[in-house]
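Reader: I am new to this structure and would like a close look at a single part of it. Could you take me through the sheet and what lies against it, step by step?

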Amino acid sequence: MVEVMLWGDLGRAAGNRHRVEIEAKDIRELFRKLAEQFPALQPWIDRGIAVSIDGTIYRDSWSKALPKGAEIYLLPRLAGG
């Protein structure tokens with residue numbers, strides 16, 4: 001089980017829950033289980049979510065393992081340039 005902080009609009013999409021516990025071994029499974037539990041998160045996942053694990057941002061490494069006790073934040077991707 002990992003504790004995940006949902007930043008900004010992601011928390012609102014999860015019913016104003018900004019901290020959730022999910023049983024997931026990697027980022028891909030985390031996204032799948034979050035979408036099952038909070039369907040309003042699916043459009044955000046489809047657009048792209050950045051994952052911070054202990055301060056390192058992962059954008060496309062969905063097989064990255066989620067270590068127990070890690071600090072995990074999900075952030076909506078920012079557009080622009």
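Author: In this predicted model, strands S3 and S5 run antiparallel to each other and are paired over five bridges. Within this part of the sheet, Ser52 is placed opposite Tyr73 of S5. H2 packs on the sheet, where it touches S1, S2, S3, S4 and S5, and its direction makes about 115° with that of S2.

The sheet itself is open and is formed by five strands, which follow one another in the order S2-S1-S5-S3-S4 with mixed pairing. Because S2 and S4 stand at the edges and each has a single partner strand, one side of each is left without a neighbour in the sheet. From one strand to the next, the twist averages 30°.

Turning to the helix, its buried residues are Ile27, Glu29, Leu30, Phe31, Leu34 and Ala35, and the elements that cover these residues include strands S1 (2-6), S2, S3 (49-53), S4 (56-58) and S5 (72-76), together with helix H3 (42-47).

The loop that leads from strand S2 (19-22) to helix H2 (27-37) holds Asp26, and this residue caps the N-terminal end of H2, with a side-chain oxygen 3.3 Å from the backbone nitrogen of Arg28. Asp26 is buried and yet has no salt bridge, since the nearest side chain of opposite charge, that of Lys25, is 4.2 Å away, whereas a salt bridge requires the atoms to be within 4 Å. Leaving aside residues up to four places away in sequence, Asp26 touches Trp62, Ser63, Lys64, Ala65 and Leu66.

Conventions: Residues numbered from 1 in each chain as written. Predicted model: local features only at pLDDT ≥ 70, side-chain atom pairs only at ≥ 80, totals over all residues. Heavy atoms only, no water. Helix = DSSP H or I, 4+ residues; strand = E, 2+ residues; numbered from the N terminus. Buried < 20%, exposed > 50% of the residue type's maximum accessible area, 1.4 Å probe, protein only. Lys, Arg positive; Asp, Glu negative; His and termini not counted. Contact = heavy atoms within 4.5 Å. Polar contact = N/O pair within 3.5 Å; in protein donor to acceptor, adjacent residues only side chain to side chain. Pairing = 2+ DSSP bridges. Axes fitted to C-alpha atoms, helices over the stretch in contact; angles between N-to-C directions.
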